[in-house]
Amino acid sequence: MIGLIKFAAVLAFPLTLSGCVTGAEYSSKQAGFASVADKTAIATMKQTVWIQNQNQARSAAAQVRSLLAQKKPLDVETAVQIALLNNRGLQAAYADLGDSAADAWQSTMFINPTVSIGTTGLGTPELEAFKTIEGMITTNILALVTKNRDMAIADARFRQAQLTAAVRTLQVAADTRRAWIGAVAAWENVGQLQRAQATADAASELAEKLGETGAMTKGAQAREHVFVAELAGETAKARLAARLAKEELTRLMGLWGSDLDYQVPNSLPPLPRSVVRRDAIEAEALRNRIDLQVAKLELEATARSYGLTEATRYVTDLEILTGFETEREIEDDEKKTRTTGQVELEFVIPIFDTGKARMRKAELAYMRAANQLAEKAVNVRSEARSAYEAYRSNYDIARHYRNNVVPLRTKVEEESLLTYNGMITNTFELLTDTREKINSILLSVNAKRDFWLAEANLAPAIYGGGATNASAESEVAAASEGSGGGH
């Protein structure tokens with residue numbers, strides 16, 4: 001009886017080593033998502049969902065339809081909320097979070113033991129069936145020793161995946177906000193060109209009538225007509241750009257079918273009376289940037305991996321085998337059976353591979369992560385300063401166009417029209433002044449758009465999510481050069 005108990009204990013030893021550890025924190029279907037929703041809600045003030053079944057999908061679709069029905073035309077905050085509810089790429093990012101949770105859950109479990117059974121002496125006449133039967137159970141002791149480190153690494157990767165999902169959410173929110181601003185500004189450009197087109201059409205008709213009476217030469221008439229034709233081409237291009245900009249917004253909101261019947265406003269909101277001071281934006285960014293926290297976790301995970309590699313440098317595989325061997329034999333015409341227990345230990349002798357290469361790779365990975373973290377910290381500071389500088393400067397530029405350039409161009413055109421009616425200036429000068437006024441109005445609209453884009457880029461600079469470097473200054477400068485400037 002005692003021998004049987006010992007034999008059972010020998011067999012149970014590796015099974016005991018392989019006992020499972022619960023991973024309830026990681027096994028939930030929404031594992032880690034609450035943290036993502038909380039972090040992104042602080043920056044966006046919006047709700048985000050992780051859709052994993054048909055009920056959740058129907059609920060999100062109903063929310064989207066309700067938002068589309070409430071807001072006509074669609075404002076920017078509603079557009080961002082729809083994108084967070086309906087963007088499928090964002091759902092794919094959340095699936096990556098679930099994948100990381102599953103990896104962490106897996107790390108809480110031991111490697112399954114391996115069972116092997118073998119027989120020898122099959123068909124021995126006097127013994128029938130077999131002579132010896134042997135059963136073994138094998139488990140990896142090294143996995144047991146390094147289990148806590150493996151779990152710590154998996155947990156760091158899981159927390160990193162949470163932050164990465166939060167960054168992706170902020171990116172979708174920021175991209176949607178920028179796309180809405182771009183689409184509305186594009187349609188505002190179309191409206192300005194259409195108003196200019198109406199004025200030009202009237203001038204063209206007048207020129208045609210004057211030409212019929214002989215009061216205007218054919219060359220002057222042609223200048224009027226070509227101006228109208230060019231303006232029509234510019235309006236068509238602007239309309240195309242507006243439609244494409246709206247399509248970009250549609251993609252980010254994940255809309256299709258009947259949901260495409262939404263409208264955006266015809267013009268951007270007016271400039272605010274003043275800008276918001278953000279003197280501590282650099283410190284805010286260092287404190288809140290989620291992508292910087294991702295880099296810190298990357299360094300932490302790499303450091304833990306480095307420690308694990310160091311611990312397993314010489315012994316990469318350590319297995320214990322336990323089992324039994326039952327042998328039958330015939331002695332004095334009597335069949336006797338004897339069962340004995342076995343214990344074996346297997347490991348690799350580090351003769352040829354002492355782990356130097358693996359240690360070197362781990363060391364370089366740690367150095368890479370440390371340098372990337374340092375670079376990220378420097379970039380975060382710079383990006384915060386740049387975002388605030390762009391915000392303030394674009395506000396001044398937009399105000400300058402609104403308060404100075406456009407009124408002056410309007411005044412110039414009015415005076416030119418008066419002198420033209422008095423036959424002091426010719427048609428060509430009047431057309432030039434009209435064209436310059438239209439260009440100034442478009443520059444003013446673009447400057448206002450660039451200010452709102454800069455305002456939208458403040459949140460990504462503080463919380464992360466990637467800012468598109470749509471340089472307002474370069475666009476305004478390029479347009480100014482095209483209007484006839486020079487050194």
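Is Arg385 buried, partly exposed or exposed, and what is its relative accessible area? In this predicted model, Arg385 is partly exposed, with a relative accessible area of 45%. Its side chain meets that of Glu282 in a salt bridge, at 3.5 Å from N to O. The pair links distant parts of the chain, since Arg385 belongs to helix 12 and Glu282 to helix 10, 103 residues apart.

The search of the whole structure finds 20 salt bridges. Among them is the one in which the side chains of Asp291 and Arg289 meet, at 2.8 Å from N to O. Asp291 counts as buried at 15% relative accessibility, and Arg289 is buried with a relative accessible area of 4%. Elsewhere, salt bridges link Asp155, Arg159, Glu300 and Arg304 in a network.

A last stop is Lys448, found in helix 13 (residues 427-456). Lys448 has a relative accessible area of 14%, which means that this residue is buried, as the cut-off is under 20%. The side chain of Lys448 makes a polar contact with the side chain of Glu188, at 3.0 Å. Leaving aside residues up to four places away in sequence, Lys448 touches Glu188, Leu268, Pro269, Leu271 and Ala398.

How values were computed: Residues numbered from 1 in each chain as written. Predicted model: local features only at pLDDT ≥ 70, side-chain atom pairs only at ≥ 80, totals over all residues. Heavy atoms only, no water. Helix = DSSP H or I, 4+ residues; strand = E, 2+ residues; numbered from the N terminus. Buried < 20%, exposed > 50% of the residue type's maximum accessible area, 1.4 Å probe, protein only. Polar contact = N/O pair within 3.5 Å; in protein donor to acceptor, adjacent residues only side chain to side chain. Contact = heavy atoms within 4.5 Å. Salt bridge = Lys/Arg side-chain N within 4 Å of Asp/Glu carboxyl O.
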